[in-house]
Amino acid sequence: MRKNNNLARSTLFFQLKAKLFSLLLKNKHNTEQLTLTHSNIYILPSKLGSSFLLVTILNFILAVNYQNNLILVMAYLMLVVMIFSLLLGYNNVRGLALSYKRHIANYAPQCAQLELELSTDTICQSLQFIYEKKILATFDETTPTSQLIHLDLPMNQRGAYPLQRLKIISHYPFGLVSAWSYMQLTQTVFVYPQQRKPVQQENHQHNKNSMDDGDQKNMHGSDEFDGLTPHQVGMNLKRVSWKHYAKTQQLMVKDFVNYSAQSVFFDFNQLQGSTESRLQQLSYLISQAYLQGTTYGLQLESISFEVSEGKEHCKNCLEALSRFSKIAKD
């Protein structure tokens, strides 16, 4: 009972903290293009800087009590160093520009990625990118040029993840101060199910259209000779039948065909194994069908995708697998 009460209090505390945090920031960091200026840069002494200030105060008190001018001068010098560090820390990140380019989905257990463009007019030192209290990348020095950076987000389990605040922070110089800002993106990042090849591939798919010979002709193939057609301007001369030209003095072009399998329909309920295992098998089947140019559809419980092909269709199917939340049944 006490554990439940403590958990409820902790949850309430974090909810109030999040609301207060959002209220103070006033959504001014909700942007895909961020330039660090005086209105969105926050700077305070770091943990090391706080200890440094504490020692400064103790030196000052000690110098006043014992009327020791040498210690008093040392306290003043330490205070000057702290003020100087605050000014340098602010100037170090001022003018830094970040621009969102895209987010990159991945298959578990690989991490999803975030691609940003980083640019600055001056050298920026000791720069870190932090996401949910995890350091994604550290740059000792960034040159005054534009560069693309890829951040591995801490997401390697299947799912759909709304992006949280990205923290950009620098501890330059001396590590005495922390100068930071935030970038809040509204996109959702997907981690697709890990690909697992099915042991048997007869039960998980069925033909969408019935045909007598079980095959359909693809006129853009190159497997079997299909006949000759008159040459037209723009056709590849490598396909010209020169033997036929030598006999008839007429340019004829060879046509080839291949035979591809019928459109298939992948059904979640036709697979064997736990929920995660089925999703992993579907992830493999969909990815292979896309790479092979096969038209396919998907039945995922109440969600259905009509037979289609192309990158967008593959993306929509894989995202549906990532969002799937049915309780696993072994």
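These questions and answers cover a helix pair and a pocket in a predicted model.

Me: How do α2 and α3 run relative to each other, roughly parallel or roughly antiparallel?
Reply: Helix α2 spans residues 47-66 and helix α3 spans residues 69-93. Their axes come within 8 Å and cross at roughly 155 degrees. Angles over 145 degrees count as roughly antiparallel. So α2 is, relative to α3, roughly antiparallel.

Me: Is the crossing of α2 and α3 left-handed or right-handed?
Reply: The axes of the two helices cross at roughly 155 degrees. The hand of this crossing is left-handed.

Me: How many residues of the contact of α2 with α3 are charged?
Reply: On the α2 side, the contact includes Phe52, Leu53 and Phe60. On the α3 side, Ile71, Leu72 and Met74 are among the residues. By class, the contact has 15 nonpolar and 3 polar residues.

Me: What is the volume of the second largest pocket?
Reply: The pocket is lined by 15 residues. Ile104, Ala105, Tyr192, Lys311 and Lys315 lie nearest its centre. Its volume is about 390 Å³.

Me: Which element gives the most to the lining of the second largest pocket?
Reply: Elements giving two or more residues are β3 (97-104), β12 (188-192), α5 (275-292) and α6 (311-323). The top contribution is 5 residues, and it comes from α6.

Me: How many charged residues are in the lining of the second largest pocket?
Reply: Lys311 and Lys315 are among the residues nearest the pocket centre. The lining also has 9 nonpolar and 2 polar residues. Its charged residues number 4.

Conventions:
Residues are numbered from 1 along each chain as its sequence is written. This is a predicted model: local features need pLDDT of at least 70, side-chain atom pairs count only at pLDDT 80 or more; totals for chains, interfaces and linings use all residues. Side-chain values use heavy atoms; hydrogens and water are left out. Axes are lines fitted to C-alpha atoms, for helices over the stretch in contact, and angles run from 0 to 180 degrees between N-to-C directions. Helices (H or I, at least four residues) and strands (E, at least two) are DSSP runs, numbered from the N terminus. Angles under 35 degrees count as roughly parallel, over 145 as roughly antiparallel, 65 to 115 as roughly perpendicular and the rest as oblique. A crossing is left-handed if the near helix is turned anticlockwise from the far one by less than a right angle, and right-handed if clockwise. Contact means heavy atoms within 4.5 Å. Ala, Val, Leu, Ile, Met, Phe, Trp, Tyr, Cys and Pro count as nonpolar, Asp, Glu, Lys and Arg as charged, and the others, Gly among them, as polar. On a 1 Å grid over the protein atoms alone, a cavity is a set of points where a 1.4 Å probe fits but cannot get out, and a pocket is an open set with protein on both sides within 12 Å along at least five of seven lines; lining residues have an atom within 4 Å of a point. Grid points are joined across faces, edges and corners, and a volume is the space filled by probe spheres set on the points.
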